[in-house]
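Here are some notes to read beside the model. Please keep the structure open and find each residue as it comes up.

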Amino acid sequence: MTTTTSSPAVVAPTSRSLPERLRVPAGFALGAVLLLGAAPALLSDFRLNLLAKYLCYAIVAVGVSLAWGRGGLMVLGQGVFFGLGGYAMAMHLKLTDAAATGETLPDFMQLYGTGDTLPWWWKPFADPAFALAMTVLLPMTVAALLGFLVFRRRVKGAYFAILSQALAAALSIWLIGQQATTGGTNGLTDIQGFFGYSLDDPVNQRMVYFIIAAVLLLLMAGVRQLFVSRFGELLVATRDSEERVRFLGYDPANVKLVAYVLAAGAAGLAGALFVPAVGIISPALIGIVPSIGFVIGAAVGGRASLVGAVLGAIAVAWAQSTLSDALPAAWTYVQGLLFVVAVGFLPGGLASLGAVLRRRRTAAPTTAPTPTTAPAPTTGETA
């Protein structure tokens, strides 16, 4: 007798691939609704300004996710690039504020008595196009120079992290020492306008929030395209095995350099947007501790996940604002503990928690063991 086996039903590819294709656009649409619609409608002006500040940290986390999450580069010096972008924007805004009152020098230069001449390296920042370009190009140029020297010598791991932190400390010390031209410890403060709009007006402050939220969403979309592109695959391959990438004909130093420079550009852009959102930029915001804070946010949320890194940065920034008031002396220890726990016990961050639980559920036995029964005794026949 012939038996026929029925072949499994063929499922149309669209029935299962359609949700996959719609998942990413739906996620961006949900983020746009929450950031551009729900948050301005539900939050007060004060809370919305705080959220704008947190979103600037989230922009830095996008670059950290690219360089560290995909490229394996422990970028502990993002405060340098954040500060370069912030100071470039603040210098232009301070010059604009001075011109609005008929002055040629910013207020702090008049206070510290530097004379009647504006420093030569301040003068180009009076041009808004130059200042906007420098908020991104200046951090990327510094990152390109540092990365070229470091990656060509195959410096990586803890040594690269130490060099990044040393650069952040050096920039902070230099800014503090140049009180007459950078504001010293105080930094550039009391910024009143933003390209002709008064920052004292709540409507204009909301406009700044919308700009920051839109930049974050656009940057996330662009970096996600890098994740799924050929460069993203090459970056992951470089992280996992540099020698194999080199044998395939690619230079791992160039791959890491591109990721590092792009992350620096994102940090510089975040610093530039931070200035009109908060109205200040100072060395305290760009030193070693803030640089570590940027990395902690991405690590807690999940550095390999773009959404996880963004949400982690927002959550850690919110916790810092909340807990630092209640526990001013202990917040630094809490921040360090978060980093240790995230890296040591949950390397993928909170974004990987669901996958970890699914793996444990799959590994656990799903059915109880079947009890073994003794065979029935056989009876023999006697003749």
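**Notes on the model**

1. Start with one residue. T238 sits in helix α9, which spans residues 230–240. Helices here are DSSP runs of H or I with at least four residues, strands are runs of E with at least two, and both are numbered from the N terminus. T238 has a relative accessible area of 1%, so it is buried. Buried means under 20% relative accessible area, exposed means over 50%, and partly exposed lies in between, with a 1.4 Å probe and protein chains only. Leaving out neighbours within four places in sequence, T238 is in contact with V245, P252, V255 and K256. Contact means heavy atoms within 4.5 Å.

2. A word on the ground rules. This is a predicted model, in which local features need pLDDT of at least 70, side-chain atom pairs count only at pLDDT 80 or more, and totals for chains, interfaces and linings use all residues. Residues are numbered from 1 along each chain as its sequence is written, and side-chain values use heavy atoms, with hydrogens and water left out.

3. Now the whole protein. Its secondary structure comes to 15 helices and two strands. There are 383 residues, and 41% of them are buried. Take the contacts with a separation of 6 or more: 77% of them join residues 24 or more positions apart. The protein exposes about 20800 Å², and carbon and sulfur atoms supply 66% of that. The areas come from the Shrake-Rupley method with a 1.4 Å probe; for residues, only the protein chains shown count as cover.

4. Which residues touch the most other members of the largest nonpolar core? They are L55, F82, Y209, I212, L216 and I281, in a core of 97 residues. Helix α2 gives the largest share of this core, 17 residues. A nonpolar core is a set of buried Ala, Val, Leu, Ile, Met, Phe, Trp, Tyr and Cys residues joined through side-chain atoms within 4.5 Å.

5. Look at A52 next. A52 lies in helix α2. At 4% relative accessible area, A52 is buried. Beyond four places in sequence, A52 touches Y209, I212 and A277. The C-alpha atoms of A52 and L273 are separated by 8.9 Å, although the two are 221 residues apart along the chain.

6. V275 and I281 belong together in this reading. V275 is in helix α11, residues 252–278. Its relative accessibility is 0%, so V275 counts as buried. Setting aside residues up to four places away, V275 touches G86, M89, A90, L93, I191, I280 and I281. V275 and G83 are 192 residues apart along the chain, with 10.0 Å between their C-alpha atoms.

7. Is S291 buried or exposed? S291 is buried, with a relative accessible area of 0%. Its helix is α12, residues 288–301. Beyond four places in sequence, S291 touches L76, G77, Q78, G79, V80, A168 and I286. S291 and Q78 are 213 residues apart in sequence, yet 5.3 Å apart in space, C-alpha to C-alpha.

8. Check two loop residues. R154 is in the loop between α5 (128–152) and α6 (158–177). Its phi is near 60°, a positive value in a residue other than glycine. R154 counts as exposed because its relative accessibility is 52%. D190 is in the loop between α7 (179–182) and β1 (193–194). Phi of D190 is near 55°, again positive in a residue other than glycine. At 47% relative accessibility, D190 counts as partly exposed.

9. Finish with the largest pocket. Its volume is about 810 Å³. The lining has 30 residues, and G31, M220, V307, V310 and L311 lie nearest the centre. Two or more lining residues come from each of α1 (13–42), α2 (45–70), α8 (202–228) and α13 (306–326). Helix α1 gives the largest share, nine residues. A pocket is an open set of points on a 1 Å grid over the protein atoms alone, where a 1.4 Å probe fits, with protein on both sides within 12 Å along at least five of seven lines; lining residues have an atom within 4 Å of a point. Grid points are joined across faces, edges and corners, and the volume is the space filled by probe spheres set on them.
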